[in-house]
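Visitor: Please bring up the entry so that we can go through its sheet and its charged pairs.

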Amino acid sequence: MPRVTRFSSMKCSVIVLMLSVLPSLAMANSSMEESSNLPPVEYSYSTDLQNALLAHYSNWAGTRHKLGGTTTRGVDCSSFIQILFQDKFKFELPRSSREQMTVGERVDMTDLRTGDLLFFRTGPTRRHVGVYMGDNRFMHVSTVAGVEIAKLFSPYWQRHFITARRVALGALTPSN
């Protein structure tokens, strides 16, 4: 019985420690973002749109990156986005990220909305695409982690950002 009490006491100590540290970490993170001179981002919180994106994510989360892949056994970034737009919005996007970068209208970083396409230069001739989720996060296929949701304003993604494009998703009804 003393082991159970000791364990419970340790668990409580860990929980109290976490509760006392987490708010300060959150404050430090938000002050870092504020102090890095990033442009303010306007948000569009379309519940239907966000739910459709999250439903797609839940089916693909962790799927590994595979160049040229088109299935949950392995997928590349442009195929992932093409499948997302086809399955959830019945909208045909071209297959390559370079071609996808010509669809829709250019959007300024300060005017991002949920569903906007984000493009990055990840090599001399390579382009990468993801979709904006709101709250400074985007969904994409990482070569390391597979399908994930990442912070848009991380130093890596800031350095490699090319453009954002808006496809008229507001007029489309997501299908689950």
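The turns below cover the sheet and then the salt bridges.

Visitor: What kind of model is this, and which pLDDT do side-chain atom pairs need?
Guide: This is a predicted model in which local features need pLDDT of at least 70, totals for chains, interfaces and linings use all residues, and side-chain atom pairs count only at pLDDT 80 or more. Residues are numbered from 1 along each chain as its sequence is written, and side-chain values use heavy atoms, with hydrogens and water left out. The pLDDT asked for is 80 or more.

Visitor: What is the strand order of the open sheet?
Guide: Helices (H or I, at least four residues) and strands (E, at least two) are DSSP runs numbered from the N terminus, and two strands pair if DSSP finds at least two bridges between them. The open sheet has six strands with antiparallel pairing. Its edge strands, β3 (105–107) and β7, each pair on one side only. The order is β3-β8-β4-β5-β6-β7.

Visitor: Over how many bridges do β6 and β7 pair?
Guide: Strand β6 (residues 137–142) has five of its six residues buried, where buried means under 20% relative accessible area, exposed over 50% and partly exposed in between (1.4 Å probe, protein chains only). With β5, strand β6 pairs over three bridges. With β7, β6 forms a hairpin that has three residues between the strands, and the number of bridges in this pairing is six.

Visitor: Which aspartate forms a salt bridge with arginine 95?
Guide: A salt bridge is a side-chain nitrogen of Lys or Arg within 4 Å of a carboxyl oxygen of Asp or Glu, and the count comes to three. In this one the N to O distance is 3.0 Å. Arginine 95 lies in the loop between α3 and α4 and its partner in the loop between β2 and α3, so the pair ties together parts that are 19 residues apart in sequence. The partner is aspartate 76.

Visitor: Which residues does the salt-bridge network join?
Guide: Arginine 166 forms a salt bridge with aspartate 111 at 3.5 Å and another with aspartate 116 at 2.9 Å. Arginine 166 lies in strand β8 and aspartate 116 in the loop between β3 and β4, so that pair ties together parts that are 50 residues apart in sequence. Through shared partners, the network joins Asp111, Asp116 and Arg166.
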